[in-house]
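Please read these notes with the structure open beside you.

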Amino acid sequence: KLGFDQRDFSLAITVTFFFYFCSSWDETHFGKMGSYYINRTFFFDVHPPLGKMLIGLAGYLSGYDGTFPFQKPGDKYEHHNYIGMRGFCAFLGSWLIPFAYLTVLELSRSQPAALLTAALITCDTGCLTLSQYILLDPILMFFIMAAMLSMVKYNSCADRPFSACWWFWLSLTGVSLAGALGVKFVGLFIVLHVGLNTISDLWQLLGDLNLTMVTLGKHLTARILCLIVLPLILYTTLFAVHFIILNRSGPGDGFFSSAFQSRLLGNNLHNASIPEHLAYGSVITVKNLQMASGYLHSHWHLYPEGVGARQQQVTAYQHKDYNNLWIVKKHDANTDPLDPSFPVEFVRHGDIIRLEHKETSRNLHSHQHEAPMTRKHYQVTGYGINGTGDSNDFWRIEVMNRKSENRIKVLRSQIRLIHLATGCVLGSSGKTLPKWGWEQLEVTCTPYLKETPNSVWNVEDHINPKCDLPCLRPYPFFVATFLQGNSGLKPKENEVTSKPWHWPINYQGLRFSGVNETDFRVYLLGNPVIWWLNLVSIGLYLLLGSISTVSIQRGIQLTAEVKGLCQVLLRGGGQVLLGWMLHYFPFFMMGRVLYYHHYFPAMLFSSMLTGILWDTVLRCCACCLSSFPLANWVHVFGISLLILGIAYSFYLFHPLSYGMVGPMAQDPQSPMAGLKWLETWEF
């Protein structure tokens with residue numbers, strides 16, 4: 001009756017199979033990390049651990065064994081039980097709707113405003129798409145909205161301070177803040193939002209002359225405990241659990257210090273038997289103490305023309321590799337220190353040494369040519385033939401943390417290498433080299449002698465057959481910061497990045513899967529009707545908010561009902577407008593690569609603003625038309641019309657989330673023909 005034939009039915013079954021049984025987009029990233037937690041394999045990621053831990057926990061509890069490789073989008077899950085991880089993300093994503101509903105209900109005291117907000121989020125194809133995959137975004141938005149709801153709830157309990165209800169919502173706000181920040185660092189924006197609300201709240205209390213200083217002190221202490229101390233305890237506990245779970249060697253070892261690696265089961269430093277003190281003739285690796293900086297590395301490739309001297313490249317490489325090996329030699333002797341007839345001679349603080357690259361037999365070298373990426377730093381190269389070079393190969397070794405002994409301890413001694421000819425210090429700038437440098441990290445010689453982590457190194461691997469082999473004990477547990485690395489993110493090849501001004505206008509979406517007519521295609525794009533309505537609402541709110549403020553300030557006579565609506569618009573709408581601004585404008589100042597999905601937390605706030613605004617506008621219209629017989633129905637008809645229009649727009653664009661097959665949108669035969677309203681949409 002609906003015009004489907006057998007081929008259509010078969011195609012629908014195939015599409016459904018593909019959607020449910022194939023990995024997509026960033027699932028290859030976060031699904032893999034969930035597997036790492038299940039297998040207890042250590043890895044490095046720029047985001048805090050909570051979201052990935054929860055994904056791993058969901059997979060573990062639902063029977064997933066952590067063996068799916070998550071290599072590329074489109075790989076079939078086959079027998080692997082991935083449903084628990086997707087279901088968990090979808091479950092948290094579904095909570096955005098009641099959270100938004102309750103938040104708007106609390107701010108506006110209007111059920112129609114709350115219903116309109118809920119409809120906006122329910123019918124947004126972008127939120128739906130993000131929530132049905134194994135991603136951090138639904139988890140992050142869950143905690144952001146939970147924090148927002150808890151904040152407005154404890155604000156509403158202001159007339160009952162220190163009651164059980166007040167303490168509950170204040171504590172839940174702190175827990176939610178820790179959750180948001182524990183998933184992604186952009187959770188800091190909701191922390192800032194709650195912080196500004198708390199400052200305003202305390203300022204109002206300070207102006208209440210009925211409160212004693214003791215009571216004010218209690219208010220301040222309660223907020224410090226619940227909104228600062230509690231989130232910090234929970235946040236640090238997340239990292240403690242993270243490090244306890246991931247106790248096996250994995251792909252993230254090289255990003256962390258040698259001392260930390262010695263705790264990981266399976267790492268070559270765990271309970272390693274290596275010579276304790278550095279000696280001449282030893283084959284070593286040298287690791288930079290800057291987080292995620294890597295090992296001193298060289299290879300046969302030369303610096304290109306126009307980039308300093310055309311000599312062998314020296315870089316910092318974040319993974320273990322044969323090209324990380326160097327031989328420690330005296331600067332003024334060519335004898336073999338491993339000759340059994342010579343006694344062992346240890347390297348000491350203040351010694352002048354040469355470091356010869358084991359694979360290429362070229363010496364670590366510097367000169368006054370400018371470094372490739374960092375201005376006013378000197379270039380570091382590999383120079384010489386079979387270990388024979390010149391005086392620019394000489395380095396003085398200094399121990400930064402020595403006490404009484406002058407010998408260099410493997411793993412424990414923090415050393416600096418001072419170039420003898422120029423006086424500069426060997427360091428890693430942390431900047432990523434272009435493709436000619438294999439996108440490894442730049443190594444420079446800095447003339448600035450101030451001690452910083454990027455100019456301090458330690459000896460990690462140490463091979464010397466003439467030295468004794470004591471068993472090294474693991475170092476005391478410590479937590480290293482994950483804050484670095486985010487600013488250095490670069491897009492992968494063929495990856496679609498975007499700019500913040502693209503986001504509110506829905507300028508360009510993001511392909512989740514499929515590129516051809518024969519592929520099953522899911523495209524991340526917000527419902528354009530909803531997003532453009534939100535954008536118009538922000539502009540209209542600024543206009544009406546300004547008019548309301550001026551009217552109240554000038555003492556213009558308003559009816560009690562209109563004045564009450566103005567207060568709702570300014571206070572409730574102002575609260576969510578602040579949330580939108582805090583979750584959107586900071587991205588303009590970020591130097592890292594940005595993606596379309598970064599806007600979705602801000603989109604939730606703009607949807608709440610839209611619900612409050614249009615409910616208020618329609619109520620004001622009903623008040624102004626109160627003399628007409630059907631005036632009371634203006635508000636009802638207006639809200640109903642908006643909800644029906646939003647629902648119909650979802651009907652039109654829902655294939656973006658649930659999947660498209662067949663011709664592309666520009667083809668008249670495509671089911672999406674006529675819906676490609678912007679040329680930049682690629683569905």
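The numbered points below concern a predicted model.

1. Start with helix H10, which covers residues 188-206.

2. Next, look at which side chains of H10 are hidden. Phe189, Ile190, His193, Val194, Asn197, Thr198, Asp201 and Leu205 are buried in this helix. The cover over these buried residues includes helix H8 (137-156), helix H9 (164-183) and helix H11 (213-245). Helix H14 (560-584) and helix H15 (600-624) also belong to that cover.

3. Helix H3 (residues 50-61) packs with helix H4 (residues 83-94). The angle between them is about 130°, and their axes are 7 Å apart. Angles over 145 degrees would count as roughly antiparallel, and 65 to 115 as roughly perpendicular, so this pair falls in the remaining class, oblique. The crossing of H3 and H4 is right-handed.

4. Which residues make the contact between H3 and H4? On the H3 side they are Leu54, Ile55, Ala58 and Gly59. H4 contributes Gly84, Met85, Phe88 and Cys89. Sorted by class, the contact of H3 with H4 has six nonpolar residues, two polar ones and no charged ones.

5. Helix H13 (residues 528-553) and H15 form another pair to examine. Their axes come within 8 Å and cross at roughly 60°. H13 and H15 are therefore oblique to each other. H13 passes H15 in a left-handed crossing.

6. The residues of H13 that meet H15 are Ile530, Trp531, Leu533, Asn534, Ser537, Ile538, Leu540, Tyr541 and Leu544. In H15, their partners are Phe600, Met603, Ser606, Ser607, Leu609, Thr610, Leu613, Trp614 and Val617. By class, the contact of H13 with H15 has 13 nonpolar and five polar residues, with no charged residue.

7. Finally, find Ser273. Where does Ser273 lie? Its place is in the loop between helix H12 (258-261) and strand E1 (283-288).

Methods: Residues are numbered from 1 along each chain as its sequence is written. This is a predicted model: local features need pLDDT of at least 70, side-chain atom pairs count only at pLDDT 80 or more; totals for chains, interfaces and linings use all residues. Side-chain values use heavy atoms; hydrogens and water are left out. Helices (H or I, at least four residues) and strands (E, at least two) are DSSP runs, numbered from the N terminus. The expected span of a helix is 1.5 Å times one less than its number of residues. Buried means under 20% relative accessible area, exposed over 50%, partly exposed in between (1.4 Å probe, protein chains only). Contact means heavy atoms within 4.5 Å. Axes are lines fitted to C-alpha atoms, for helices over the stretch in contact, and angles run from 0 to 180 degrees between N-to-C directions. Angles under 35 degrees count as roughly parallel, over 145 as roughly antiparallel, 65 to 115 as roughly perpendicular and the rest as oblique. A crossing is left-handed if the near helix is turned anticlockwise from the far one by less than a right angle, and right-handed if clockwise. Ala, Val, Leu, Ile, Met, Phe, Trp, Tyr, Cys and Pro count as nonpolar, Asp, Glu, Lys and Arg as charged, and the others, Gly among them, as polar.
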